[in-house]
Amino acid sequence: GVLSDSVCGSVVLYALVLLALFSYECLGSESLQAFPLLKFDRVGQTPTIRKSSFNLAAASYHSAYDESLSRSKAILLPHQEFLRRTELFKNGTYPNLSSTIIGNYQSTIAGGSSALVIVVPDQLDQETIPQWREAEQYLHTNELLIPVYFVYENDQLHEVLSTIETSSGYEAVSLPEKIFNTLLGDNYQLTVSTKEQSALKQVTGTNIQGWLGGNGDVSSPTIAIVASYDSLAASPDLAKSTTSSTSSTAILLELVRVFNKLYSQPRTQSNYNLLFLLTTGGHFNFYGSKQWLSEADDRLVKSLEAVICLDSLGEASDSLYLHTSRPAKDPIANRLYENFKSAAKSLDLNVEVKQKKVNVSNTEEPWEHEHFSKRRILASTLSAHSEPSPNFARSHIFDNSDDNTLNVIQRNTKLVAEAISRHIFGSTNDMLVFQQSLEIGGELQENWLNTLSDTPRVFPYIPESIIEGLEKMIRDYTSDIVKQTFTLNKNSEYTFYTANAPTELTISVAKPFVFDVVLAIMIGGYLAGLYFLAKVRSSV
Amino acid sequence: MLLAMTFIHFVNCVALTFGPLFVFYRSHKLREPQSLLYSGLFYLISQFAKLFLLATFVPSLTEDGSFHLVQELMIAYITVADLVCLYIFLNNRHIRGNVRSQLLYVALGWTAAESLLERLGPLWIGARNIEFQWTYLLLAVGGTISVFYFYAIASFMWLWTRKDLPPTLSFIVMGSTTVYCLLPVLFKYSDMVLNIGALEVVLFRAAVVFPLFFASKMLVRAYEKTKKRQ
């Protein structure tokens with residue numbers, strides 16, 4: 001009758017409802033943009049065999065130190081945990097892993113896992129920046145044999161992270177929920193599929209040099225202004241270096257423009273020559289400067305009265321520091337330092353001269369000017385930092401601009417311009433030269449700052465368009481331009497690899513084995529139920 | 001290990017698709033597999049006929065994924081080919097047995113053929129992925145719903161073949177048949193336009209099919225009652 005009909009129908013519907021209960025969270029697969037860690041080797045280091053692609057189940061980062069749980073698994077590491085582990089490494093607290101292949105750094109950061117994905121926020125608060133800077137430096141200078149990627153936080157990723165934590169038992173949940181998660185909960189599969197990197201056989205770098213000749217003669221002195229135009233971060237495509245090398249370049253270009261204007265009028269031209277040098281590979285121990293010096297004309301080098309290197313001048317700071325190696329005993333050095341100090345005072349700024357003798361046995365120079373100082377040239381670095389940053393710590397992925405950056409850059413450009421003009425004109429009054437038609441800071445500088453900030457320029461992946469743009473700018477505003485292209489030879493200090501563009505990280509849901517077994521049992525029961533009910537109906 | 005895991009999922013989905021068919025077959029004591037084969041064959045024929053008619057008479061289908069009512073209605077007309085095939089099949093008494101058995105053979109055979117054509121492929125390709133998706137299980141459940149769906153329409157067609165159908169019943173049957181023709185339109189609408197999840201689609205289908213099924217059962221019963229009265 002109708003009753004048995006409805007019973008039969010309700011059985012099927014009941015089964016459907018049960019399935020519906022288990023499908024309450026229909027998470028499909030999710031794709032995120034993943035940024036690979038910059039890869040290069042240094043001489044003496046065993047070449048990293050770091051693979052780029054992986055397809056692994058996700059494990060909780062808490063279980064990273066348990067090799068049985070983390071082997072052949074990928075871990076998602078939140079940035080706070082990454083910083084904490086870097087601190088542990090710094091203090092020498094290494095976990096005790098049985099594997100002999102994994103070095104101390106990798107075992108502290110990633111444990112025994114086979115892939116590392118670091119989750120970073122969009123912005124990092126100021127207090128954490130120094131710690132992050134150091135963490136990136138360790139990333140560059142220590143060995144990691146596993147694929148490493150950066151992903152930006154978002155809500156779904158947060159969900160994934162908390163699900164991984166609860167299902168691996170690191171978050172306290174009620175017992176029934178725990179059982180549910182173990183048997184039927186979601187496991188995650190992380191996949192990155194991209195080209196593998198290979199060592200670059202030939203790496204070239206380009207320095208761009210612009211010359212503004214003074215109205216003197218061949219014996220006239222030259223002042224050089226140096227800035228490096230490459231950027232750096234843990235991942236090449238996230239390298240803006242806005243307050244570091246990008247600011248230096250923007251300042252140099254504006255200086256080129258105003259001094260060109262100044263020198264275009266004979267009565268405002270000095271006998272001093274001006275040399276503007278844009279170097280590459282700055283973040284690799286000022287490689288471009290080193291190359292320039294090794295190939296520079298002897299007469300030119302002899303004519304250099306002073307070299308001013310620009311560093312980290314996009315950072316807001318109470319004081320600026322003129323780091324130098326020659327003591328103020330030297331009359332020319334003294335004049336230079338006094339000009340900087342007086343120019344600063346006229347602009348309501350503070351410049352402190354910090355003199356430190358060059359340590360000739362240093363393999364890594366703390367400041368760019370030391371390369372020049374080693375050649376007995378009076379050289380200084382103007383920086384917002386009072387202490388030097390080690391190599392690979394000068395910039396990072398959070399080195400972005402804020403509302404104040406352009407102002408800071410304009411202010412510092414004025415300082416350098418005024419100081420140099422006092423030096424080359426020998427003026428003793430406090431008048432500011434760069435006013436009105438020579439006003440510093442305008443659209444051109446702002447445009448350059450924006451263009452450079454939007455273009456990652458990690459050496460050796462600097463786009464040709466940037467080099468051409470810089471070349472054109474120097475060519476337009478100087479009387480003589482020299483492009484110096486050098487090739488890193490086989491015995492050079494660094495080995496670089498083919499560029500790896502940001503790729504896709506796919507997080508897909510996988511169910512544990514038990515789930516399929518449970519499902520099989522359920523289906524068996526469902527079919528049996530159907531059979532008996534149909535039999536009952538048909539015999540009625 | 002991973003491969004075994006995903007294969008079990010495939011097996012689960014196949015069991016969910018074809019299991020109920022097998023269960024219905026055995027539980028109603030049906031003993032003639034060749035009838036199933038015949039009905040399955042007729043399903044194939046009707047599908048080919050529909051394809052042929054589609055290609056010949058319906059102007060080029062727009063592929064932009066939007067829903068054109070007029071076009072869909074034209075496609076619905078072609079569903080009539082389904083009905084014609086059913087009519088022929090039932091009329092010629094290729095299968096023996098009482099009413100219920102006949103209808104069951106038709107329903108099961110058609111569903112089996114449909115599942116083989118439309119479900120086995122996607123399951124083989126998709127259910128063995130490492131990535132888990134509910135859609136494959138839901139696809140399998142859809143197969144069970146098809147049994148009731150085809151049973152209902154087979155009932156309507158069977159009643160059409162009866163020459164001694166009282167006018168009231170015949171009117172209702174005609175109405176139900178028209179509804180059946182419009183169902184593909186309705187289902188396509190729900191899939192494309194409403195943009196709802198896989199689960200909701202299955203539930204919606206079930207919600208439509210089951211009333212139809214019960215209606216068909218009541219109609220057949222009513223017909224049998226009128227026959228008994230005679």
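Here is a short chat about chain A of a predicted model.

Reader: What makes up chain A, in helices and strands?

Author: Chain A holds 16 helices and 17 strands. Its C-alpha trace spans about 120 × 50 × 40 Å along the principal axes.

Reader: How do you know what radius of gyration a compact globule of 540 residues would have, and what does chain A have?

Author: There's a rule for that: 2.2 Å times the number of residues to the power 0.38. For 540 residues a compact globule would come out near 24 Å, but chain A has 31 Å.

Reader: How many of the residues of chain A count as buried?

Author: Buried means under 20% relative accessible area, and 55% of the 540 residues fall in that class. The accessible surface of the chain comes to about 23,300 Å², and carbon and sulfur atoms own 51% of that.

Reader: What about contacts between residues at least 6 apart in sequence?

Author: Of those contacts in chain A, 83% join residues at least 24 apart.

Reader: Where do the charges sit? What separates their mean positions?

Author: Chain A carries 43 positive and 59 negative charges, and their mean positions are 7 Å apart.

Reader: How do you know that the span of helix H13 agrees with its number of residues?

Author: Helix H13 of chain A runs over residues 405–425, which is 21 residues.

Reader: Is Arg394(A) buried or exposed?

Author: Buried: its relative accessibility is 7%, and the cut-off is under 20%. Arg394(A) sits in the loop between strand E14 (379–383) and H13 of chain A. Leaving aside neighbours within four places in sequence, its contacts include Arg133(A), Phe286(A), Asp311(A) and Glu365(A). Val517(A) is another matter: 123 residues separate the pair along the chain, and their C-alpha atoms are 55 Å apart.

Reader: Why is Arg133(A) called buried?

Author: Its relative accessible area is 14%, and under 20% counts as buried. Arg133(A) belongs to helix H5 (residues 129–141). Besides Arg394(A), the residues it touches include Glu315(A), His385(A) and His396(A), not counting those up to four places away in sequence.

Reader: What makes the phi of Phe286(A) worth a look?

Author: Most residues other than glycine have a negative phi. Phe286(A), though, has a positive one near 55°. Phe286(A) lies in the loop between strand E10 (273–279) and helix H9 (287–295), and at 4% relative accessibility it counts as buried.

Reader: What is the phi of Asp348(A), and is that residue buried or exposed?

Author: Phi of Asp348(A) is positive too, near 65°. Exposed means over 50%, and Asp348(A) has a relative accessible area of 73%, so it is exposed. Its loop runs between helix H11 (331–346) and strand E13 (351–355).

Reader: How do you know that the bond joining Phe459(A) and Pro460(A) is cis?

Author: Look at omega: it is about 0° for this cis peptide bond. Most peptide bonds are trans. As for its place, Pro460(A) is in the loop between helix H14 (443–454) and helix H15 (464–477).

Conventions
Residues are numbered from 1 along each chain as its sequence is written. Chains are lettered from A and ligands numbered from 1 in the order in which they are written. This is a predicted model: local features need pLDDT of at least 70, side-chain atom pairs count only at pLDDT 80 or more; totals for chains, interfaces and linings use all residues. Side-chain values use heavy atoms; hydrogens and water are left out. Helices (H or I, at least four residues) and strands (E, at least two) are DSSP runs, numbered from the N terminus. Buried means under 20% relative accessible area, exposed over 50%, partly exposed in between (1.4 Å probe, protein chains only). Contact means heavy atoms within 4.5 Å. Accessible areas come from the Shrake-Rupley method with a 1.4 Å probe; for residues, only the protein chains shown count as cover. Lys and Arg count as positive and Asp and Glu as negative; His and the chain ends are not counted. The place of a charge is taken as NZ of Lys, CZ of Arg, CG of Asp or CD of Glu. The expected span of a helix is 1.5 Å times one less than its number of residues.
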